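Student: I am new to this structure and would like a close look at a single part of it. Please take one stretch and describe what surrounds it.

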Amino acid sequence: MRRSRWGGLRHFLGFGAPGLLVYACFVLAPIALSVGYSFTNANQFAPTTEFVGLNNYTRLLTDDAFLTALKVTTVLTLIVVVVPNVLGLVVALLLDRSGWLYQALRSVFFVPVVLSSVVVSVVWQALLTDDGLVNSLLRSLGADSPPGWLSDPDLALYSVGFIISWQLLGFCAVVYLAGLQGVPQELHEAASIDGAGPWLRFRKVTWPMLAPALTINTVMLLITGFKAYDHIQVLTSGGPGTGTTATLAYSVVHTGFTANRTGEASAMALIMLVIVAVISSVVLRFLQRREVNF
């Protein structure tokens, strides 16, 4: 029995230890350091670091800039969760057919997913600037003053949400396509024999079978929306104006590396971590319960 246990431990150390070591170095250790920094007034250029307890947390919870960043992140996350989910399902239903054309279209829709967020942001920034291709086209169609997609404080956040949704659309479509291909054809045939039309078949047969795909897409999009940073930095740099598109992730980087307030940035990052963990867990449990009910 001892030999068996020692053999199992050796296998674990041989195969699991390298992965655990990497995870501990690049995930657990930074989180532990952030926890420690969040209780101090750490500053990269300050001569000394002092323990301040919960002062960073209490100040953030009453700070208008942080609360605005939380609001901006919430709105952006709602856009990123809803738009790709809905449009991805529509695209998946349209492409759920055989033939080389539909296979080619699947690849076309998936291309933005594998592109860098910075590359996507640079391309869309060139298209949506005041003198970009989109506004030039609108002017040629007779629009006297086209909207400032990235320069108008009332439109900038929604433009960023649209760009992130556009990039993630292919991912949602592929996940829904995988779910659609797992729906037994016999169920559709039985529903047709019973007199169910296309809409009733989708609502009673297809949609319940897509519950796992909906869970995957929703949780992934939720996390992506809350940690959005690359698009914000390239497209708007947190503007236009003061914090109109500054998300929590952008505020963490700006506070920690631009303002050099490491302790405050660490507290902000931990608050964001807790919010994402709690909301993701609640949504995941709710959607998994929906899968069981169906």
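Tutor: Take helix 13, whose buried residues are Leu 248, Ala 249, Tyr 250, Ser 251, Val 252, Thr 255 and Gly 256. The model is a predicted one, and what follows describes that model. Helix 13 covers residues 248-258.

Ser 237 is not a glycine, yet its phi is positive, about 55 degrees. The peptide bond that leads from Gly 239 to Pro 240 is cis, its omega being near 0 degrees. As for accessibility, Ser 237 has a relative value of 42%, so it counts as partly exposed, between the limits of 20% and 50%.

Now go to the other end. Helix 13 is followed by Asn 260, another residue with a positive phi, near 60 degrees. Asn 260 is also a residue other than glycine. Its place is the loop between helix 13 and helix 14. Here the accessibility falls in another class: the relative accessible area of Asn 260 is 17%, and because buried means under 20%, Asn 260 is buried.

What does Thr 262 touch, if residues up to four places away in sequence are not counted? The list is Tyr 37, Ala 42, Asn 43, Gln 44 and Gly 256.

For a wider setting, turn to helix packing elsewhere in the model. Two packed helices are described by the angle between their axes and the distance between the axes. Helix 4, residues 64-95, packs with helix 8, residues 156-181, at an angle of about 40 degrees, and the axes are 6 Å apart. Because of that angle, helix 4 is oblique to helix 8. The crossing of these two helices is right-handed. The residues in the contact of helix 4 with helix 8 are 24 nonpolar, four polar and no charged.

Helix 8 also packs with helix 5, residues 100-114, at about 130 degrees, with 6 Å between the axes. Helix 5 is therefore oblique to helix 8. The crossing of helix 5 and helix 8 is left-handed. On the helix 5 side the contact is made by Arg 106, Phe 109, Phe 110, Pro 112 and Val 113, while the helix 8 side includes Trp 166, Phe 171 and Gln 181. Sorted by class, the contact of helix 5 with helix 8 has nine nonpolar, three polar and one charged residues.

Last, the aromatic rings. The structure holds seven aromatic pairs, and one aromatic cluster is formed by Phe 39, Phe 51 and Tyr 57.

Key. Residues are numbered from 1 along each chain as its sequence is written. This is a predicted model: local features need pLDDT of at least 70, side-chain atom pairs count only at pLDDT 80 or more; totals for chains, interfaces and linings use all residues. Side-chain values use heavy atoms; hydrogens and water are left out. Axes are lines fitted to C-alpha atoms, for helices over the stretch in contact, and angles run from 0 to 180 degrees between N-to-C directions. Helices (H or I, at least four residues) and strands (E, at least two) are DSSP runs, numbered from the N terminus. Angles under 35 degrees count as roughly parallel, over 145 as roughly antiparallel, 65 to 115 as roughly perpendicular and the rest as oblique. A crossing is left-handed if the near helix is turned anticlockwise from the far one by less than a right angle, and right-handed if clockwise. Ala, Val, Leu, Ile, Met, Phe, Trp, Tyr, Cys and Pro count as nonpolar, Asp, Glu, Lys and Arg as charged, and the others, Gly among them, as polar. Contact means heavy atoms within 4.5 Å. Buried means under 20% relative accessible area, exposed over 50%, partly exposed in between (1.4 Å probe, protein chains only). Rings of Phe, Tyr and Trp (its six-membered ring) pair if their centres lie within 6.5 Å; planes under 30 degrees apart count as stacked, over 60 as edge-to-face and the rest as tilted.
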